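Let's walk through this structure together, one element at a time. We can begin with a helix and the charged side chains along it.

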Amino acid sequence: MNAPVLPRVSIQTEDFDLSTVVARLRANDKGVGAICTFVGTVRDRNDGQSVSTMELEHYPGMTEKAIEQMIDEALKRFDIFGARVIHRVGLLQPLDQIVLVAVTSAHRGESFQACEFLMDYLKTQAPFWKKEQTPEGARWVDARVSDDAALAKWGIASSNA
């Protein structure tokens with residue numbers, strides 16, 4: 001019996017285990033010589049203000065489709081074998097994991113580039129909405145100009161205004 005095909009994208013409220021995700025991504029692929037991962041976490045400060053919680057919302061179906069398209073683009077641009085993106089939604093606390101991007105390839109350069117590309121794309125183009133709780137109250141968080149610039153280095157113009 002064949003092993004079940006893993007989804008490339010998961011949007012979930014529960015936490016994830018990096019070592020489990022990586023082991024499943026590279027399972028039985030003897031060609032994998034490099035695995036690059038990025039884990040983003042909730043900070044306790046943003047724009048000079050203390051942050052007590054972050055709440056992430058998404059549009060089910062649309063979010064997964066957008067990230068699947070990002071992975072397809074990474075597969076076209078870089079010589080990689082596979083990629084996995086897990087993004088959490090719901091109420092998160094400082095130190096909680098938010099996002100995981102994992103990429104496999106034969107050599108490290110392609111994995112590093114594809115991982116960075118996917119994160120740059122996620123930060124500006126994935127349909128997530130973030131709300132932070134600060135001492136002054138709740139505020140919605142927009143993509144930063146620096147995030148748009150990071151995406152532009154890949155030749156992609158941000159659709160954020």
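Glutamate 73 and arginine 77 sit four residues apart in helix 2, about one turn of the helix. Helices here (H or I, at least four residues) and strands (E, at least two) are DSSP runs, numbered from the N terminus. Before going further, please keep in mind that this is a predicted model: local features need pLDDT of at least 70, side-chain atom pairs count only at pLDDT 80 or more, and totals for chains, interfaces and linings use all residues. Residues are numbered from 1 along each chain as its sequence is written, and side-chain values use heavy atoms, with hydrogens and water left out.

Back to our pair: glutamate 73 forms a salt bridge with arginine 77, their closest N and O atoms being 2.8 Å apart. The term stands for a side-chain nitrogen of Lys or Arg within 4 Å of a carboxyl oxygen of Asp or Glu. The structure holds five salt bridges. Another of them joins arginine 8 to glutamate 68, with the closest N and O atoms 2.4 Å apart. This pair links distant parts of the chain, 60 residues apart: arginine 8 is in the segment before strand 1 (9-12), and glutamate 68 in helix 2 (residues 62-77). Arg8, Glu68 and Asp72 are linked in a network of salt bridges.

Arginine 139 and glutamate 132 also meet in a salt bridge (3.0 Å, N to O). Glutamate 132 is buried at 3% relative accessibility, while arginine 139 is partly exposed at 22%. Buried means under 20% relative accessible area, exposed over 50%, and partly exposed in between (1.4 Å probe, protein chains only).

Now turn to helix 1 (residues 18-26), where Val21, Val22 and Leu25 are buried. Seen down the helix axis, the buried residues fall within an arc of 95 degrees, so they line one face of helix 1; the arc is that of the directions from the helix axis to the C-beta atoms. These buried residues pack against strand 2 (34-41), strand 6 (80-88) and strand 8 (97-105). In strand 8 lies threonine 104, buried at 2% relative accessibility. Not counting residues up to four places away in sequence, threonine 104 touches several residues, including Leu25, Ala34 and Ile80, where contact means heavy atoms within 4.5 Å.

What about the cysteines? A disulfide is a pair of cysteine sulfur atoms within 2.5 Å, and by this rule the count comes to zero. The sulfurs of cysteine 115 and cysteine 36 are 3.9 Å apart, too far for a bond.
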